[in-house]
Amino acid sequence: MVEGGPKIRAGTRTLAMPAGLVALLRAHLETRGLAEDDIETHLFTGKCGVALHCSNWRRRVWKPACAAARIKDFQFRDLRHVNATSMALAGVDMKTAQVRLGHSSPQVTLAIYTQVTSESDRRAADAMGGHFFPVAKNRPKFPLRRSAGPPQTAFNPLSNRWALRDSNPRPQPCE
């Protein structure tokens, strides 16, 4: 076991905590009979009150918790990726995420730690759809249209594809 300070200066930083986490930690301190300013005592210990050993904790706590959550091949360090991705989904700016994670630059946070999610992909699609296919208020989404002139391409929202329209199409019903 290695005890001591962090390897790099960025490992020591002051971060805000969610109120819910503060409440959980206060309850844990009360259970252990510790004061908030008792910085010499380990916050989390094994059954006998001694420092946790990584291999024991992993076997006794981490693996059963992952199994209960039905998560396979999830390492403790993967929580950093979850944290970075969650901040990105919540709209936290990358500079703040970089500092909270202790990275040397926002590029490290983006390139290595954040993951693309189906939720973020859906928001991107919706944003682009709103930009390229705006829906005016008080107007049906798919009005009847007749056009004259040469063939042209048009987006068909029903099939989600671009298609070649003939110069005199038949009216299509509104939805």
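What follows is a short chat about the structure above.

Q: What kind of model is this, and how are residues numbered?
A: This is a predicted model, in which local features need pLDDT of at least 70, side-chain atom pairs count only at pLDDT 80 or more, and totals for chains, interfaces and linings use all residues. Residues are numbered from 1 along each chain as its sequence is written, and side-chain values use heavy atoms, with hydrogens and water left out.

Q: How many helices and strands does the chain have?
A: Six helices and two strands. Helices (H or I, at least four residues) and strands (E, at least two) are DSSP runs, numbered from the N terminus.

Q: In what pattern along the sequence?
A: The pattern reads α-α-α-α-α-α-β-β.

Q: What percentage of the residues count as buried?
A: Of the 175 residues in the chain, 13% are buried. Buried means under 20% relative accessible area, exposed means over 50%, and partly exposed is in between (1.4 Å probe, protein chains only).

Q: And contacts between residues 24 or more positions apart, what share are they?
A: They make up 34% of the contacts in the chain with a separation of 6 or more. Contact means heavy atoms within 4.5 Å.

Q: Which residues make up the largest nonpolar core?
A: The six are Ala84, Met87, Met94, Ala97, Leu101 and Tyr113. A nonpolar core is a set of buried Ala, Val, Leu, Ile, Met, Phe, Trp, Tyr and Cys residues joined through side-chain atoms within 4.5 Å.

Q: Which elements give two or more residues to this core?
A: Helices α3 (78–89) and α4 do. The largest share, three residues, comes from α4.

Q: What does Ala97 touch?
A: Not counting residues up to four places away in sequence, Ala97 touches Met87, Val92 and Thr109.

Q: At what angle do α4 and α5 pack?
A: At about 85 degrees, with the axes of α4 (residues 94–101) and α5 (residues 106–113) 8 Å apart. That makes α4 roughly perpendicular to α5. On this scale, angles under 35 degrees count as roughly parallel, over 145 as roughly antiparallel, 65 to 115 as roughly perpendicular and the rest as oblique. The axes are lines fitted to C-alpha atoms, for helices over the stretch in contact, and angles run from 0 to 180 degrees between N-to-C directions.

Q: Which residues meet there?
A: From α4, Met94, Lys95, Ala97, Gln98 and Leu101 meet Pro106, Thr109 and Leu110 of α5. By class, five residues of this contact are nonpolar, two are polar and one is charged. Ala, Val, Leu, Ile, Met, Phe, Trp, Tyr, Cys and Pro count as nonpolar, Asp, Glu, Lys and Arg as charged, and the others, Gly among them, as polar.

Q: What else is Gln98 in contact with?
A: Leaving aside neighbours within four places in sequence, Gln98 contacts His103, Ser104, Ser105, Pro106 and Thr109.

Q: Switching to Thr85, where is that?
A: Thr85 is in helix α3 and counts as buried, at 10% relative accessibility. A polar atom of the Thr85 side chain lies 2.9 Å from the backbone nitrogen of Gln115. Apart from residues up to four places away in sequence, Thr85 touches Tyr113, Thr114, Gln115 and Thr117.

Q: What is the phi of Arg70?
A: Positive, about 60 degrees, although Arg70 is not a glycine. Most residues other than glycine have a negative phi. Arg70 sits in the loop between α2 and α3 and is exposed at 78% relative accessibility.

Q: And Asp73? What is the phi there?
A: Asp73 also has a positive phi, about 55 degrees. Asp73 is in the loop between α2 and α3, and is exposed, with a relative accessible area of 75%.

Q: Last one, Gly46: where is it?
A: Gly46 is in the loop between α1 (19–32) and α2 (54–68). Gly46 counts as partly exposed, at 26% relative accessibility. From Gly46 to Asn56, 10 residues apart in sequence, the C-alpha to C-alpha distance is 8.9 Å.

Conventions
Polar contact = N/O pair within 3.5 Å; in protein donor to acceptor, adjacent residues only side chain to side chain.
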